[in-house]
Amino acid sequence: MFYAARHYSLPFLLALSLHAAAAWALYQGWNPEKELLNVVKPQTVMASLIVLKPKAKAAPPPKVDVAQKQLEAERAKQAKADQAKVRKEAKSKAEQQAAAKAREEQRLAERARQAQADKQTAAELARQERLARLSELAATSLQQAIADESVDLQAGSEEQVLRSYHAAIYELVRTNWSRPPSSRTGMQARLQVELIPTGEVVAVTIIDSSGNAAFDRSAEHAVRLAKRFEVPQENALFERHFRRFYILFQPEDLLR
Amino acid sequence: MTRALLVVALVFTFVQSYASSLDTIIIDRGVDEPIRIAIAPFQTDVSAPQGLDDIVSFDLARSGQFDPLASENMLSHPKSRQEVFFRDWRILKAAYLVIGSARKQVGDQIEVSFELYDVLAERQILTRRYTFSKSQWRDVAHRVADAVYEEITGIRGAFSTKILYVLAQGAGTPEASFRLEVADSDGERSRTLLNSREPILSASWAPDGKRVVYVTFETGRPTIVMQDLNGTYRERLTNFKGINSSPVFSPDGRKLAMVLSKDGDPEIFIMDLATRKLRQITRHHAIDTEPSWTPDGKGIIFTSDRGGRPQIYQLELATNFLERLTFTGNYNARGRLMEDGKHLVFVHRRNGVFHIAWQDLERDNLQVLTATSLDESPSLAPNGTMLIYATQDQGRGILAVVSIDGRVKYRLPSSRGDVREPAWSPFLDG
């Protein structure tokens, strides 16, 4: 007895600690198979992103171009004015003296113009800076929005994800559904559809018949013609919602 | 004990919630494309001008609800279940497959059998066997088409039915001739019931499909005549002064509604065919014409201009209760109730052009079915899915068919003259 206790105490302790570790891990919610949700983003969200992106990026550059062109034009104008002034000075000093007053006035005007130009340049620069800042802000907030959105999805706004998969299934079945002429508004048939994780349809069973065999068969055909549905990669989600589900055929667009 | 009950209740609610936790996707719309079907060439030792599969394919295509695959596009021509590979047919997007054979028996008898497969569910859903004489080659094909149509659509096929129409040649000339003809519903195998130098009008069928009534001018004025299809019986029913027109059998075949103007203006009368007694059912100074019966035989639908314009009215025979049915437009005439008693088919004038239209009497929505002009004399197929009418093509009268959902329209070729006044037969048994 003591012999056994002595000899097996180490393995016993090891086993105990291993169990404890396992228990702790389980308690902490450790899940060996858990992966990040690899979610196919719903079409609608993708669409809005595509619309937003070019707007934010495309808007600023042309404005910058216009500003630069304006600046260059300003500078060229100024240079021309300066040249004219130098030429005038070299031509005649007498004239210069005689028109001292006029020159003074001209200089004053020149200065005023210069000040005006400087002011314009400064304003232009400020505007540019503001634009740059704005576009940067837009870009970051967009990135933030994208990040938020994917966080939302990854955090499992499962409802939303399901809705997008259901919408895809709806669309595929609808476009494959040819109702027989004996169909009437008010008929309905419930079918159970079984899929394998690839999304392939492996079984279609009529659970509640419409009472019209042709109508039931048209519903079954709509599912069988679809053949394969887009399903979530994530195993748990697939098992919960897509391994087996119902489709209720309930026409509301028939003439009769 | 209570604990056990509690456990049972818990288990039950768990099972319940599990069962209802399956997602349900609701499909409230469809596209209603024609159904792709493959009619493989029938294996046969009988020489015939046209293959059974060809006739069946043409019938089904004509209904507008099917899109038959051309035999040259098939990957194989299976003769038996062993030779059917569903994958091949799925690749061709065929939802259904028909295989069959026609074999000589003793005498001129032929045995025809076929099998209908649901390609998508990979199972046989129908098999039939018929024995016919060789002269009934086309009849067999129409019977196969009827059976396939009914199995897939849930509606009885009407390919074995016939049509009655008037063929006019040289109208308005001294050599004018008018012929009352009967043909298969696809326009084939026509034969003449009556040949006359005077116009023939308003031909219609008895509900058993064995007799017809029509109006001739053989006595110099309009006369209502009844005859049977094989020509052994023919009788003049009325020869009153004035108008004798629009004879229509009651659904039980015992009475005939008609228009007579013997007392002045045109009124609707009902003749008891056993006693030949007449009963006047409308009394109005306006024109009352074009009677037809409600499907239960208890009422008469007719056209009247008592409201100033031609509109369609319904009269309850037991109570004389009168009801106006049409209110859209200022010309609606020649109403015929569909088998469900809730839908009316009639001639409707819109923007001065005559079209065939139908109307849901409960929901009161009107749908124009035809895009041609001068459309007249609509006559419903007995299964209510198609209607035949007369129209004009380059100044010549032709017959055209339109499906009641408006999806399919086709013309029946007429190479011989003006065709008018079509009447679709009831179901013909045997």
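**View 1. The hairpin of β29(B) and β30(B).** In this hairpin, where five residues lie between the two strands, B:Gly406 adopts a positive phi near 75 degrees. The model shown is predicted, so that local features need pLDDT of at least 70 and side-chain atom pairs count only at pLDDT 80 or more, whereas totals for chains, interfaces and linings use all residues. Residues are numbered from 1 along each chain as its sequence is written, chains are lettered from A and ligands numbered from 1 in the order in which they are written, and side-chain values use heavy atoms, with hydrogens and water left out. Strands (E, at least two residues) and helices (H or I, at least four) are DSSP runs numbered from the N terminus, and two strands pair if DSSP finds at least two bridges between them. β29(B) and β30 (residues 409–412) of chain B run antiparallel and are joined by four bridges, with B:Lys409 in β30(B) as the bridge partner of B:Val402.

**View 2. Strand β29 of chain B and its pairing with β28(B).** Of the eight residues of β29(B) (residues 396–403), seven are buried, that is, under 20% relative accessible area with a 1.4 Å probe and protein chains only. Strand β28 (residues 386–393) of chain B runs antiparallel to β29(B), and eight bridges join the two; B:Val401 in β29(B) stands opposite B:Ile388. Two residues separate β28(B) from β29(B) in their hairpin, and B:Gln394 in the turn has a positive phi of about 50 degrees.

**View 3. The interface of chain A and chain B.** In chain A, 37 residues are in contact with 37 residues of chain B, contact meaning heavy atoms within 4.5 Å. About 3400 Å² is buried between the two chains, 54% of it from carbon and sulfur atoms, where buried area is the accessible area (1.4 Å probe) lost on putting the two parts together, summed over both. On the side of chain A, A:Arg217, A:Leu255 and A:Arg256 lose the most area to chain B, together 20% of what that side buries.

**View 4. A salt bridge across the interface.** The side chains of A:Arg217 and B:Glu151 form a salt bridge at 2.8 Å, N to O, under a rule that asks for a side-chain nitrogen of Lys or Arg within 4 Å of a carboxyl oxygen of Asp or Glu. Across the interface of chain A and chain B, this rule finds three salt bridges.

**View 5. Strand pairing between the chains.** β3(A) pairs with β1 (residues 24–27) of chain B in the parallel sense over four bridges, and B:Thr24 in β1(B) is the bridge partner of A:Tyr246.

Definitions and conventions:
Buried means under 20% relative accessible area, exposed over 50%, partly exposed in between (1.4 Å probe, protein chains only).
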